[in-house]
Amino acid sequence: MDTIRGKVTNVVDGDTFDMSVTHHGKDNEYEYNNPERIRVSGIDTPEINTTQGKRDKTKLESIILNKEVRVYVDARDTYGRVVGNVKLV
C-alpha cells in the first residue's frame with residue numbers, strides 16, 4: 001500500500017483537503033504530485049452549500065488544518081483525487 005505524508009494546507013469540504021506532499025513511502029508503486037488533493041476514504045459528507053456541509057468542513061479544519069498527516073492510499077478517483085485513510089502524525 002502506498003503512503004504519502006505532508007502538511008494539510010487547505011480544507012475543501014468535510015471529506016476533502018489539499019496537502020503539501022513532503023514524504024513518499026519507500027516502496028510506493030505510484031508517483032504523487034505536490035500538492036495533492038485528498039478524499040478521505042470511508043466517509044461522505046453533505047455538499048458544502050448545505051448547513052451540515054459547512055459544519056463538517058469547519059470540524060475537519062479544526063482537526064487537520066496546518067497539521068502533518070499520513071495518507072494510506074487506496075486509489076485515485078475519477079476527479080484525480082487521492083483516496084485514502086488519513087492519520088495525524
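Predicted model: local features only at pLDDT ≥ 70, side-chain atom pairs only at ≥ 80, totals over all residues.
Is E3 mostly covered or mostly open, and how many of its 5 residues are buried? I started my notebook there. E3 is mostly covered, with 4 of its 5 residues buried.

**Overall layout**

I went through the elements next. I find 1 helix and 5 strands in the protein, and from the N terminus on they come in the order β-β-β-α-β-β. For overall dimensions, I looked up the box that the C-alpha atoms fill along the principal axes, roughly 40 × 25 × 20 Å. I also checked the radius of gyration: it is 12 Å, which agrees with the value near 12 Å for a compact globule of 89 residues.

Buried residues make up 37% of the 89. The protein exposes about 5,600 Å², and carbon and sulfur atoms supply 47% of that area. I then looked at contacts between residues at least 6 apart in sequence; 53% of them join residues at least 24 apart.

**The barrel**

I traced the strands around and got a closed barrel of 5, in the order E1-E2-E3-E5-E4, with mixed pairing. From one strand to the next the twist averages 55°. H1 packs on the sheet, where it touches E1, E2, E4 and strand E5 (82–88). The direction of H1 makes about 145° with that of E1.

Then I took the pairs one by one. E1 and E2 are antiparallel and pair over 8 bridges; across this pair, Arg-5 stands opposite His-23 in E2. E2 and E3 also run antiparallel, joined by 4 bridges, and here I see Thr-16 opposite Arg-39 in E3. E3 and E5 pair in the parallel sense over 3 bridges. For Val-40, the bridge partner in E5 is Gly-84.

**The core**

Which residues have the most contacts inside the largest nonpolar core? I noted Ile-4, Phe-17, Met-19, Ile-38, Ile-64, Val-69 and Val-71, in a core of 15 residues. The elements that give two or more residues to this core are strand E1 (3–13), E2, E3, H1 and E4. A reminder to myself: in soluble globular proteins, nonpolar side chains tend to be buried together.

Leaving aside neighbours within four places in sequence, Val-71 is in contact with Ile-4, Phe-17, Met-19 and Ile-38, among others. Its list of contacts also includes Asp-2, Thr-3, Val-82, Gly-84, Asn-85 and Val-86.

**Ala-75**

I moved along to Ala-75, which lies in strand E4 (residues 68–76).

Two loop spots went on my list. Asn-34 and Pro-35 are joined by a cis peptide bond, with omega about 5°. Pro-35 lies in the loop between strand E2 (16–24) and strand E3 (36–40). The other spot is Asn-66, a residue other than glycine with a positive phi, near 65°. Asn-66 lies in the loop between helix H1 (51–64) and E4.

Key. Residues numbered from 1 in each chain as written. Heavy atoms only, no water. Core = buried A, V, L, I, M, F, W, Y, C linked by side-chain atoms within 4.5 Å. Buried < 20%, exposed > 50% of the residue type's maximum accessible area, 1.4 Å probe, protein only. Contact = heavy atoms within 4.5 Å. Pairing = 2+ DSSP bridges. Axes fitted to C-alpha atoms, helices over the stretch in contact; angles between N-to-C directions. Rg over C-alpha atoms; globule rule 2.2 N^0.38 Å. Areas by Shrake-Rupley, 256 points an atom, 1.4 Å probe, with all protein chains shown as cover.
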